[in-house]
Amino acid sequence: MKNIRLLYINLILGTILMACEYNVENEDVKVDDQCEAEVSYSNTLSPLINVNCMPCHNGDGSYPLAPDLRTYGAVESLAGLIKEVTQSRRMPKNGNLTNAEISAIKCWVDQGAMNN
Ligand code: HEC
């Protein structure tokens with residue numbers, strides 16, 4: 001009897017897990033995981049941060065623990081951490097980046113976080 005209950009619990013958990021896996025966003029932008037194209041700070045990174053991170057990382061004190069990301073210097077000095085928190089999808093808090101955007105951040109950091 002106990003085993004049958006366990007079996008049902010496993011079936012339900014399995015179904016939930018599978019439902020989550022199929023819930024992957026469809027991307028129309030191609031994800032360049034090999035980082036073949038150079039990612040530009042001014043054309044790609046800065047606008048991406050302005051839209052997705054500025055609500056909290058604007059240094060106005062509303063989110064005192066959120067580092068100010070308004071300048072290239074600030075973003076560059078936190079590049080490794082920014083890559084990490086977007087790869088793990090911890091950031092943006094209350095938001096979402098597409099796989100292509102996450103990949104662009106990773107590539108920009110791996111290419112040396114240039115002011116390009
Ligand atoms: C809704 C508000 C909000 C948004 C949007 C947001 N953040 Fe944050 N972020 C925070 C807060 C608050 C913290 C302070 C630490 C915590 O709560 O995790 C933080 C911390 C961080 C840190 C420091 C990591 C650490 O371990 O403390 C980094 C790096 C970061 N955010 C990057 C980003 C990036 C990049 C984006 C945009 C893609 C972003 N955040 C969007 C609120 C936000």
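Over which residues does pLDDT stay under 50? Select residues 22–28: that is the stretch, and the model has seven contacts for it beyond four places in sequence. Here pLDDT is the predictor's confidence in each residue, from 0 to 100, and contact means heavy atoms within 4.5 Å. Now colour the whole protein chain by pLDDT: the average is 86, and 74% of the residues score at least 70.

Some ground rules before moving on. This is a predicted model, where local features need pLDDT of at least 70 and side-chain atom pairs count only at pLDDT 80 or more, while totals for chains, interfaces and linings use all residues. Residues are numbered from 1 along each chain as its sequence is written, and side-chain values use heavy atoms, with hydrogens and water left out.

**Stop 1: the iron**

Select the iron atom of the ligand, then show His57 and Met91. His57 (through NE2) and Met91 (through SD) coordinate the iron at 2.0 to 2.3 Å. Donors are N, O and S atoms within 2.8 Å of the metal (3.2 Å for Na, K and Ca); water is not among the atoms, so sites may look incomplete. This site has six donor atoms with angles of 83 to 178 degrees among them, and it is octahedral. For six donors, that label requires opposite donors over 155 degrees apart and all others between 65 and 115.

Trace the chain out from both residues. His57 sits in the loop between α2 (41–52) and α3 (72–77), and Met91 in the loop between α4 (79–87) and α5 (99–110), so the pair ties together parts that are 34 residues apart in sequence. The helices are DSSP runs (H or I, at least four residues), numbered from the N terminus.

Is His57 buried or exposed? His57 is buried, at 10% relative accessible area, while Met91 is partly exposed at 22%. Buried means under 20% relative accessible area, exposed over 50%, and partly exposed in between (1.4 Å probe, protein chains only).

**Stop 2: helix α4**

Next, highlight Ala79, Ile82, Val85 and Thr86, which are buried residues in α4. Look down the axis of α4: its buried residues fall within an arc of 135 degrees, so they line one face of the helix. That arc is taken from the directions from the helix axis to the C-beta atoms. What do they pack against? The buried residues of α4 pack against α3 and α5. Following α4 you'll find Arg89, with a positive phi near 60 degrees.

**Stop 3: the salt bridges**

Side chains of opposite charge can pair when their charged atoms come close. A salt bridge here is a side-chain nitrogen of Lys or Arg within 4 Å of a carboxyl oxygen of Asp or Glu. How many are in the whole structure? There are three.

Start with Lys83 and Asp110, whose closest N and O atoms are 2.8 Å apart. Lys83 is in helix α4 and Asp110 in helix α5, so this pair ties together parts that are 27 residues apart in sequence.

Through shared partners, Lys83, Lys106 and Asp110 form one network.

Finish at Asp68 and Arg70, a salt bridge of 2.6 Å, N to O. Asp68 is partly exposed at 30%, and Arg70 is exposed at 51%.

Technical notes: Tetrahedral: all angles 85-135°; square planar, octahedral: opposite > 155°, others 65-115°. Helix = DSSP H or I, 4+ residues; strand = E, 2+ residues; numbered from the N terminus.
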